[in-house]
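Welcome! Have a look at the chain shown here, and then let us walk through a few of its features together.

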Amino acid sequence: MSVFGPRPTLSYQVERYTPRQRRRLEVKPGLTGWAQVHGRASLPWVDRIELDVWYVEHRSPLLDLKILLRTPFALFGGTYKGARGGWK
């Protein structure tokens, strides 16, 4: 596990991934990530996966710094609150 990256996923979820969505598995799971600072559980599952894939395609130290700076705002600003998302 790393600090930045897509949140860990469960095997039953991976079985349902499209080839594009499997790209999120190209990096280690992280404690916080691009999807977490852009809505987390308030986003539909497909949108969260797409944000994770975007992160994989654009990862850089600068992007990790942006995530680091946004995480406290997401954590304490309400991004982590709301309806729980997931597979339907």
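A residue counts as buried when its relative accessible area is under 20%, as exposed when it is over 50%, and as partly exposed in between. Please keep in mind that this is a predicted model.

| Residue | Relative accessibility | Class |
|---|---|---|
| Val14 | 16% | buried |
| Trp34 | 10% | buried |
| Trp54 | 32% | partly exposed |

Two of these residues meet in an aromatic pair. A pair of aromatic rings is described by the distance of the centres and the angle of the planes. For Trp34 and Trp54 the ring centres are 5.1 Å apart and the planes stand at 20°, so the pair is stacked. The two partners come from distant parts of the chain, 20 residues apart. Trp34 sits in the loop between strand E2 (30-32) and H2, while Trp54 belongs to helix H2 itself.

Trp54 also takes part in a helix contact. On the H2 side, Trp54, Tyr55 and His58 make the contact, and on the H3 side Leu63, Asp64 and Ile67 do. These residues comprise four nonpolar, one polar and one charged. How are the two helices arranged? The axes of H2 (residues 45-58) and H3 (residues 61-77) come within 9 Å and cross at roughly 140°; the helices are therefore oblique to each other.

Finally, back to Val14, which lies in helix H1 (residues 11-14). Leaving aside residues up to four places away in sequence, Val14 touches Thr9, Arg22 and Leu25. Its C-alpha atom is separated by 9.9 Å from that of Arg24, ten residues apart along the chain.

How values were computed
Residues are numbered from 1 along each chain as its sequence is written. This is a predicted model: local features need pLDDT of at least 70, side-chain atom pairs count only at pLDDT 80 or more; totals for chains, interfaces and linings use all residues. Side-chain values use heavy atoms; hydrogens and water are left out. Axes are lines fitted to C-alpha atoms, for helices over the stretch in contact, and angles run from 0 to 180 degrees between N-to-C directions. Helices (H or I, at least four residues) and strands (E, at least two) are DSSP runs, numbered from the N terminus. Angles under 35 degrees count as roughly parallel, over 145 as roughly antiparallel, 65 to 115 as roughly perpendicular and the rest as oblique. Contact means heavy atoms within 4.5 Å. Ala, Val, Leu, Ile, Met, Phe, Trp, Tyr, Cys and Pro count as nonpolar, Asp, Glu, Lys and Arg as charged, and the others, Gly among them, as polar. Rings of Phe, Tyr and Trp (its six-membered ring) pair if their centres lie within 6.5 Å; planes under 30 degrees apart count as stacked, over 60 as edge-to-face and the rest as tilted. Buried means under 20% relative accessible area, exposed over 50%, partly exposed in between (1.4 Å probe, protein chains only).
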